[in-house]
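Trainee: Hi! Could you walk me through this one?
Mentor: Happy to. Let's look at it together.

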Amino acid sequence: MKLLILSDLHANLPALEAVWQAEGDADRIYCGGDLVDYGDDPHGVIEWCREHHVLSVKGNHDADVVEAFRDPEGVLARVGEAEFRWIRETCAQLTEDDIAYLDILPQVLDFTADGYRYRLTHKFNYPLTYVCPRYAAGFDAFVKDVPADMPFRLILGHTHRQTVFTLPGDRVWMNPGSTSFRQADDPDISAHYAVIKDGKISLRSAAFLSSPALSEMLSEAEVYLQDKEAHDIDC
């Protein structure tokens with residue numbers, strides 16, 4: 001079985017289509033969240049996910065957009081004007097159906113494939129200040145409810161940093177990276193994703209053509225996220 005693992009699509013439809021052109025024979029598509037925000041086509045990305053039956057969890061940007069669509073003043077008070085600028089522009093392009101789709105995305109998705117058990121969620125939050133598992137005890141506490149009847153892997157998004165990491169005791173977690181854009185310290189401008197075929201993990205990338213307007217938006221987002229990361233603010 002071939003699984004296509006995506007995350008952090010961030011309203012970038014050309015990147016998503018480039019990945020699909022390369023991996024269109026996938027049996028299932030999973031997404032680690034953040035379908036919207038920062039890019040220029042949130043509606044198009046949501047439509048693509050619907051049409052391709054993507055199994056996705058909800059990212060923090062998805063949740064913020066849903067909340068802002070219904071209560072903009074409340075979100076503005078919580079996130080501030082700099083962040084709200086992106087959210088406001090995203091909301092202006094979405095329909096009620098789009099919001100309903102984002103709203104029902106689960107926080108966690110568990111599935112099995114080729115003898116492995118997987119848990120997919122947008123970000124690691126044990127303890128709350130961490131965005132990736134850094135030690136075995138934290139990993140175990142985060143997934144303590146997962147049955148130990150077969151090999152297990154944790155799939156995360158959020159950081160836009162593509163990796164497969166093994167902690168002691170064969171505790172494996174992975175991040176497919178973002179299909180949309182990197183953190184500003186990474187010069188790679190391709191779309192990052194992962195493929196798991198017959199249980200074997202492969203980290204991959206695909207080049208995509210970006211319009212000048214989209215390129216400018218993503219460049220601004222890179223700088224914005226770099227500033228947040230430099231000040232130890234969750235992205």
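Trainee: How do the axes of helix α1 and helix α2 cross?
Mentor: In this predicted model, the axes of α1 (residues 13–23) and α2 (residues 42–51) come within 9 Å and cross at roughly 30°. That makes α1 roughly parallel to α2, a label for angles under 35 degrees.

Trainee: Which residues meet there?
Mentor: Leu13, Leu16, Glu17 and Trp20 of α1 meet Gly44, Val45 and Trp48 of α2. They divide into five nonpolar, one polar and one charged.

Trainee: And where do the axes of α4 and α5 come?
Mentor: Those of α4 (residues 72–79) and α5 (residues 81–91) come within 7 Å and cross at roughly 140°. α4 and α5 are therefore oblique to each other.

Trainee: Which residues make the contact?
Mentor: From α4, Pro72, Val75, Leu76 and Val79; from α5, Glu81, Glu83, Phe84 and Ile87. Contact means heavy atoms within 4.5 Å. Six of these residues are nonpolar, none polar and two charged.

Trainee: New topic: which residues of α3 are buried?
Mentor: In α3 (residues 60–70), Asn60, His61, Asp62, Asp64, Val65, Val66 and Ala68 are buried, meaning under 20% relative accessible area with a 1.4 Å probe. They pack against α4, α5 and α6 (96–103).

Trainee: What is the mean pLDDT of the chain?
Mentor: The mean is 92, and 96% of the residues reach 70 or more; pLDDT is the predictor's confidence in each residue, from 0 to 100. Over residues 230–235 the pLDDT is below 50, and that stretch has 12 contacts in the model beyond near neighbours in sequence.

Conventions. Residues are numbered from 1 along each chain as its sequence is written. This is a predicted model: local features need pLDDT of at least 70, side-chain atom pairs count only at pLDDT 80 or more; totals for chains, interfaces and linings use all residues. Side-chain values use heavy atoms; hydrogens and water are left out. Axes are lines fitted to C-alpha atoms, for helices over the stretch in contact, and angles run from 0 to 180 degrees between N-to-C directions. Helices (H or I, at least four residues) and strands (E, at least two) are DSSP runs, numbered from the N terminus. Angles under 35 degrees count as roughly parallel, over 145 as roughly antiparallel, 65 to 115 as roughly perpendicular and the rest as oblique. Ala, Val, Leu, Ile, Met, Phe, Trp, Tyr, Cys and Pro count as nonpolar, Asp, Glu, Lys and Arg as charged, and the others, Gly among them, as polar. Buried means under 20% relative accessible area, exposed over 50%, partly exposed in between (1.4 Å probe, protein chains only).
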